Amino acid sequence: MRIEDRLTRPAANRTIRRMTPLAAAVMTALYPVAPVVAQDQDQNNQDSSEAALEEVVVTGSRISRDEFSSAVPMDVLTPDAASVDGTGNLGSLLQSSTIAAGSPQVTPAISAASTVAGGLGTSTISLRGLGANRTLVLLNGRRAGPAGVRGSVSSFDLNTIPLVAVERVEILKDGASSIYGSDAVAGVVNIITRKEDGADFDVYFSQPHESGGEQLRLSGSYGKQFDRGYFRATASYNRQEILQRGQRDYFKCDEHYVFDPDTGERADQIDPRTGEPYCDGTTWGHVWVYDYAAEVGPGTTNVEPPIFLLQYDFTGALAENGLQQVPQPGPGGNPNWLSHPDGWYPVERGDRLSNSLTDSDHPLHDTTTLVPEGEVSTVLLEGEFDISDSLTAYSEVLLSRRETTDVGINQIWTYIYTEDSADLGWPGDPQSAGWTGAQWLSPLAINDHNDTTVTVDYQRFVAGLRGRIGDNWDWETSVQYSKSDGEYLEDIRVNDAIRTSYWRTSATCAGTVTPISNRECVDLRWLDPDFHYGNFTQEERDFMFGVDKGTTEYTQFSTEAFVTGDLFEMPAGTAGVALGAQYQRDEILDTPGEMARAGNIWLEGAQGITAGEVETSAVFGEVRLPLLADAPFAEALEFTGSARYTDVDLFGGETTFKAGLSWSINSEVHLRSSFGTSFRTPSLFELFLAPSDSGGLPARSDPCQQWGDKLARGEITQNMADNCASIGIPPDKFVSLGATVTTGGGAGVLEAETSDMLTAGIVWQPAFANLSMSVDYFDIDVRDQVDVFGALNLVEACYDSPFFPDEPLCDLLDRNPEDPSNAFESFRLTAVRDSFINVAQQRNRGVDVALRYTQQLPGTWGTLTVDTQHTYLIEDVVAIFDETKEDLAGEAGHPEWVGRLNLSLERNEWSFFWGMNYVGSTSNLAAFGRETVVSQWGEEVAIDLKAESKIYHNLSVSRDFANGFTARLGVRNALDETPPRMTSWQTGAEVDVLGRAAFYSQYDWFGRRFFLNVSKDFGM
């Protein structure tokens, strides 16, 4: 929405009106977070009505008004609120608001751990957990175009705006599609920049108690008011140092975190090499053996089960702890048994000892990114010029560059035969010296060639005119153009280089070249333990690895015009109206790198070019009708209504509306309520994301793969097992190849989303205290929501559905029928189509509570301010289809209660701050759908899917100096609270755990950190 901050303009051009006592009361209630100075008790009378209040436009409306009474709830955040508690950037400030903190948010750290819209390093805001593409972000009341990389760019990147440029952020906690357009489903975030006179310089530095994650911010700003306008320039540089997993104990080791069901004591398997709980991270350095000895000759396999892992004994610990090598056949034994060089031992055999000795915590693991390294440089230029007393021109220029680097690791493997397998009718592998028998071998090597660097250049230009017609009408027209120009450099594993070893049959590949990358072939040491460890020669590195560069361009052009003013006089006041029109064009072009387009990246299918364009036109109108004034039990009663007709070239037209009622019973009590509808067409990436085949879903992720053993171990539900059995899959069915996963946009299939939102609340500001309090109920119901679920979720939802095999999700899967002539392919899950689809519903209900109290303390103790906000989530229901519903409220990532309490004391040149952020407890035990006691290696263990509540304490003290300097010293997370712990063993589909910590955006990952903020105001 738009805000005209005319308080900074010359007085001669202002429209001055009076602030009523009601306006003063409601204004304070609407701004519970901003540093609004409450009036003293003796000023809360008729004298306050003499204060001058300018006519402004408030977020959520386009009608100028002289009262801050509103039918919708709103929060206001300021850089001061960020400064006192050590928040280093705008994204963190917004994501800490209670309307956002109760749901998962996309942070740079989350973007490094998983695939998110906007790509690596992006930071977005999702209100009510409905997603960033359902939250509209405005900059000075006008749209701010998306930024990021890859084909899923759709939202504004909060990294582009430095805190020093911000005056305040208004968060409309209500849907406003009828006023602003289709993406204002969950609410509106309006970032308003500074416009005051003066020059200033600001330095911020944050140092964690433990190394890693340091942050530095340098910024400066200069603004000048003159007779006919103003100009302001702001520049900022922000650097975030990398935080690696090994730098925090709670992320370093992937512990199971299981318990003895009887005593409650920890029952994790212990790694004999360390004496500590086993770290079950990324397995590495193994040879997977697929044993066909029992099928091609007499006798049985020499190792059970028919698939097992061999691990090289680098340190001698395997032999020392009693593991036995594969027994060799004696005289007359099965000649097809496996024979291998000395030093290899079977591990991960389904018993505690062999599983606890399985290598899965390579030293490279500690170097991987937790919070990526990043640099952001920004320049913001703003200006305004009064052409005449009734005509003003304005302009904004935003230029930003962000560079983010992620450090990762990866596995590579191949499939090869044993040395003498030619005797069995298979081609033999001359390079498999010492390995004999009727086996397929799949060696696995770890590598550190998996880094990604993203660079995003973002530019936004705004130009506009506004003016007055007569005494009571304002008009404005503007154009906005933004462009995000991104580049992503990826370390890749070259597919055709690695696959040269697949089922190799020659003594050497020297003299040949790869078919796509045209590289001279190198014989890779697939059965060398040093190769498995990741110690490659330079020749091997040059052959296997490379760098691929992709580019992403996203442009948005919009133009808007509207007029607002007084319509006619009513007995209770003047009716207001706003009318306008808007046009918007969005265009995306994502071009993956050459290797990606050729399908020549290891474990990734061919990636296509994502290209698309959509045009949107709209007309809208809004009215404000004062119904009653100075009546019994109705000091003021006002109706607001708005409607918008939106036409999208790909979807046609739709009308949305909103109606609100604002009722001031008296000067102390104010009631408000609104109801509105929204209409959101799918974003460009949801429509046009190029189809691509991912590396595939591992065969072991198929719930029907050896479902008998999985049921016994508690890995699948009884319903899953019954559904697998119902289509004839044997309980011991095994295949080694997984399904191909296809992703892509849903153009031609997707429908537009629709939604309803209801809010109802009360604002109370008693005359006996400088206190304001608000309680607001919200209910958002989104239908035909566009989403993508993930391949594993789709498969599990299909086979755990009570409607199987008629579950609609099952139509997105392909499974081979039974084929007695081809046991290997029989019943194999072959394809998962994980593209964007419309789901039935998401409904989010809850209550927001805000309270602010200000009191002048006795003597010279100063002024105490108590500010608290809370959001209580009643329901967060997601229905994949009409027949299935899941309530996420109270589950991990969706705590039912989040809140904060800030205490500040202002005493002369000193200020003191103590803030507490609260994240409520969560539990996924009900959603787990299985017993809390499961089987692990034949023993019963109890799991814990509860996350205890957390309170983070932030403290700071600051002093103002006479020369314009302000120094602030503080500590975030003063008690060094770590993220809560949850079981990771067999619970990956229900909770996200990294190391031994719940991996959700609500929790602090840095630990205790100290911060210093020094600023200098140079005046004029």
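I began with strand β4, residues 135–139, and found that β4 and β5 pair in the antiparallel sense over two bridges; at residue level, Leu-138 has Arg-143 in β5 as its bridge partner. The model I am reading is predicted, so I keep the confidence values beside each entry.

I then placed this pair in its sheet, which is open, has five strands in the order β3-β6-β7-β4-β5 and shows mixed pairing. The edge strands, each pairing on one side only, are β3 (74–77) and β5 (142–143).

On confidence, I noted a mean pLDDT of 87 for the protein, with 90% of its residues at 70 or more. Residues 1–56 have pLDDT below 50, although this stretch has 164 contacts in the model beyond near neighbours in sequence. The pLDDT is also below 50 over residues 65–69, a stretch with 23 such contacts.

Next I looked up the aromatic pairs, of which the structure holds 32. Among them, Tyr-257 and Phe-259 are edge-to-face, 4.8 Å centre to centre with 75 degrees between the planes. I count Tyr-257 as buried because its relative accessibility is 15%, under the 20% cut-off. Phe-685 and Phe-836 are also edge-to-face, since their planes stand at 75 degrees, with the centres 5.4 Å apart. This pair links distant parts of the chain, 151 residues apart: Phe-685 belongs to helix α15 (residues 684–688), and Phe-836 to the loop between β37 (829–833) and β38 (837–838). Phe-685 is buried at 6% relative accessible area, and Phe-836 is buried at 11%.

Last, I checked charges over rings: Arg-128 lies over the face of Phe-778, 3.5 Å from the ring centre, and the charged end of Arg-907 sits over the ring of Trp-861, 5.0 Å from its centre.

Terms used
Residues numbered from 1 in each chain as written. Predicted model: local features only at pLDDT ≥ 70, side-chain atom pairs only at ≥ 80, totals over all residues. Heavy atoms only, no water. pLDDT = per-residue confidence, 0-100. Contact = heavy atoms within 4.5 Å. Pairing = 2+ DSSP bridges. Helix = DSSP H or I, 4+ residues; strand = E, 2+ residues; numbered from the N terminus. Phe/Tyr/Trp six-rings, centres within 6.5 Å; stacked < 30°, edge-to-face > 60°. Buried < 20%, exposed > 50% of the residue type's maximum accessible area, 1.4 Å probe, protein only. Lys NZ or Arg CZ within 6 Å of the ring centre and 35° of its normal.
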